[in-house]
Amino acid sequence: MAFQLLLNVFLAFTWMFLSNDYSPLAFFKGYFFGLVVIFFLRRFFHRRFYVYNVIAVIRLLMIFLIELIKSNLSVFKVILSPKLKMTPGIFALETELEKDWEITILSNLITLTPGTFVLEVSDDNKTLYIHAMDIDDVEQAKLDIKNTFEKAIKEVSR
Amino acid sequence: MTEISNFIIGFFILLGSILSLVAAIGVVRLPDVYTRNHAASKSATLGVIFILFGLFLYYLLTEHQVNSRVLLGIVFVFITAPVAGHLISRAAYNIGVPLWKGSVQDDLKKARSKKKLMR
């Protein structure tokens, strides 16, 4: 992804030199034409066309924001209810992610989801220990993490 | 125009302060370190983000200037607050702060004791 981005910026600068116009508008024009060129030459790169990765990053950001608001609502409910009805606990979650930055983003996401935060990452980077506010709906939380977050993060790093 | 923008700015700042208030109530009410951490790390994060966003809108709509430092502040709070919550609760667990008596499950303790047996 980084290579294609750099190539695109390089093509934009080439466009600026070719048209002898050094304004931001010329840069954006050149960037657009470079994007078209990279799209037609996408077969020659090892990774996929990088616009898909950009879209995946934006989608991950959206998930972050939505989960933050949802988790605040659930914390609201627990704090403001007249009696404390909760069963906290710690559960383990196996993760398929391997790189360090992926696990960091996953644990940040889990910390911002309703009623869970990461207590510890095991030494071999395979298990996350998560403290949950309500252990009853752990299975649901596990499924959510597996299906939405891990998938979105994998989509970014693909 | 200014009426509407004033309303939006007031809405964000009021919502942010209410969230911070609820976080403070949660820190007082909840029984142990870990559940308090839930309240502190989530509600306080969103509260600060809403207040800063209201401030950004105020500068944009009434003073007509883009204050990029406020935007950077939002990003920094968004990235660092969950990590701070994680580190505090991990440190608490490592020096042996007990869970609340209503807690039902502790997988990390099991994993730790298994590791000790294997050594």
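**Helices and a buried isoleucine in a predicted model**

Modeller: B:Ile74 is found in helix α3 (residues 68-94) of chain B. This is a predicted model, in which local features need pLDDT of at least 70 and side-chain atom pairs count only at pLDDT 80 or more. Residues are numbered from 1 along each chain as its sequence is written, chains are lettered from A, and side-chain values use heavy atoms, without hydrogens and water.

Colleague: Why is B:Ile74 called buried?

Modeller: Buried means under 20% relative accessible area, exposed over 50% and partly exposed in between, with a 1.4 Å probe and protein chains only; B:Ile74 has 14% relative accessibility, and therefore counts as buried.

Colleague: Which residues is B:Ile74 in contact with, leaving aside its neighbours within four places in sequence?

Modeller: With contact taken as heavy atoms within 4.5 Å, B:Ile74 touches B:Ile49, B:Leu52 and B:Phe53.

Colleague: What makes α1(B) roughly antiparallel to α2(B)?

Modeller: Helix α1 (residues 2-29) of chain B and helix α2 (residues 33-61) of chain B pack at an angle of about 160 degrees, their axes being 8 Å apart. Angles under 35 degrees count as roughly parallel, over 145 as roughly antiparallel, 65 to 115 as roughly perpendicular and the rest as oblique, so α1(B) is roughly antiparallel to α2(B). By class, their contact has 20 nonpolar, eight polar and one charged residues.

Colleague: How do you know that the span of helix α4 (residues 100-111) of chain A is close to the expected one?

Modeller: The expected span is 1.5 Å times one less than the number of residues; α4 of chain A has 12 residues and reaches 17 Å from its first C-alpha to its last, close to the 16 Å expected.

Technical notes:
Helix = DSSP H or I, 4+ residues; strand = E, 2+ residues; numbered from the N terminus. Axes fitted to C-alpha atoms, helices over the stretch in contact; angles between N-to-C directions. Nonpolar A, V, L, I, M, F, W, Y, C, P; charged D, E, K, R; others polar.
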